[in-house]
Amino acid sequence: MDKELESIIFRKDSAVKSLKQRIADALLGFKNNGLTVEQRNGKVYVSVEEKLLFQSGSWAVDPKGQEALKKLAKVLESQSEISIMVEGHTDNVPLNGSSQVKDNWDLSVMRATAITKILLSNSKLKPSQVSSAGRSEYLPLEKGNTPEARQKNRRSEIILTPIVTGK
């Protein structure tokens with residue numbers, strides 16, 4: 001393998017490990033309370049269970065969830081070389097709404113957007129660093145149709161990808 005490529009890979013791995021540790025430290029009070037921080041595939045995943053952020057069927061972020069997101073935003077604002085993807089995930093129970101939110105697609109998008117707005121309004125993050133996506137029920141963590149599986153699948157994920165250049 002060429003030395004420059006090895007150097008880029010090493011820098012990216014180091015950046016991911018460092019970022020994961022800073023986030024885990026900042027969100028320590030939320031560990032085991034519906035929030036996990038993991039490193040996989042060269043990215044950092046902050047996964048937040050529905051119960052920490054939202055009431056069932058709602059996209060309004062609860063105060064405790066807002067507190068966690070504000071702490072996360074403060075850590076992320078010092079990371080200019082990072083891409084942030086906010087994903088909303090639902091379970092497979094059909095949602096038949098009559099207002100703005102008509103189904104699980106709508107709900108997952110509204111939740112991702114609500115999280116994005118909190119991250120941006122409470123930090124110096126650049127909007128160009130952040131994107132939002134609704135995944136509905138189509139990327140489940142658990143395939144089963146049990147209440148436990150559905151609960152695990154109702155989550156929001158904030159996926160952080162360091163941008164490492166060849167410089």
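A: The reading begins with strand pairing: two strands pair if DSSP finds at least two bridges between them. Helices (H or I, at least four residues) and strands (E, at least two) are DSSP runs, numbered from the N terminus. In this predicted model, Tyr45 stands opposite Ile159 in E5. Local features here need pLDDT of at least 70 and side-chain atom pairs count only at pLDDT 80 or more, while totals for chains, interfaces and linings use all residues. Residues are numbered from 1 along each chain as its sequence is written, and side-chain values use heavy atoms, with hydrogens and water left out.

Q: What is the order of the strands in the open sheet?

A: The five strands follow the order E1-E2-E5-E3-E4, and their pairing is mixed. Strand E1 (35–40) and strand E4 (130–134) are at the edges; each has a single partner strand, so one side of each is left without a neighbour in the sheet. On average, and with direction ignored, neighbouring strands of this sheet are turned by 20 degrees against each other. Such angles rest on axes, which are lines fitted to C-alpha atoms, for helices over the stretch in contact; angles run from 0 to 180 degrees between N-to-C directions.

Q: How many bridges join E1 and E2, and in which sense do the two strands pair?

A: Six bridges link E1 and E2 in the antiparallel sense. By contrast, E3 (residues 82–89) and E4 run parallel and are joined by five bridges; Met85 stands opposite Ser131 in E4.

Q: Is Ser156 buried or exposed, and which residues does it contact?

A: Ser156 belongs to strand E5 (residues 155–162), and its relative accessible area of 2% makes it buried. Contact means heavy atoms within 4.5 Å. Leaving aside neighbours within four places in sequence, Ser156 is in contact with Val46, Ser47, Val48, Leu53, Phe54, Glu87 and Ile115. With the same exclusion, Thr36 touches Tyr45, Val46 and Ser47.

Q: Which strands does helix H3 lie across, and which does helix H4 lie across?

A: Helix H3 (residues 63–76) lies across E1, strand E2 (43–49), E3 and E5, at about 5 degrees to E5. Helix H4 (residues 104–121) lies across E3, E4 and E5, at about 160 degrees to E4. Asp106 is a residue of H4 and counts as partly exposed, since its relative accessibility is 26%. Beyond four places in sequence, Asp106 is in contact with Gln100 and Val101.

Q: How is the packing of two helices described?

A: Two packed helices are described by the angle between their axes and the distance between the axes. Here, the axes of helix H1 (residues 3–26) and H3 come within 9 Å and cross at roughly 145 degrees. Leu19, Arg22, Ile23 and Ala26 of H1 make this contact with Lys71, Leu72, Val75 and Leu76 of H3.

Q: Which residue lies over the face of Tyr45?

A: A charge sits over a ring if NZ of Lys or CZ of Arg is within 6 Å of the ring centre and within 35 degrees of the ring normal. In this model Arg40 lies over the face of Tyr45, at 3.8 Å from the ring centre.

Technical notes: Buried means under 20% relative accessible area, exposed over 50%, partly exposed in between (1.4 Å probe, protein chains only).
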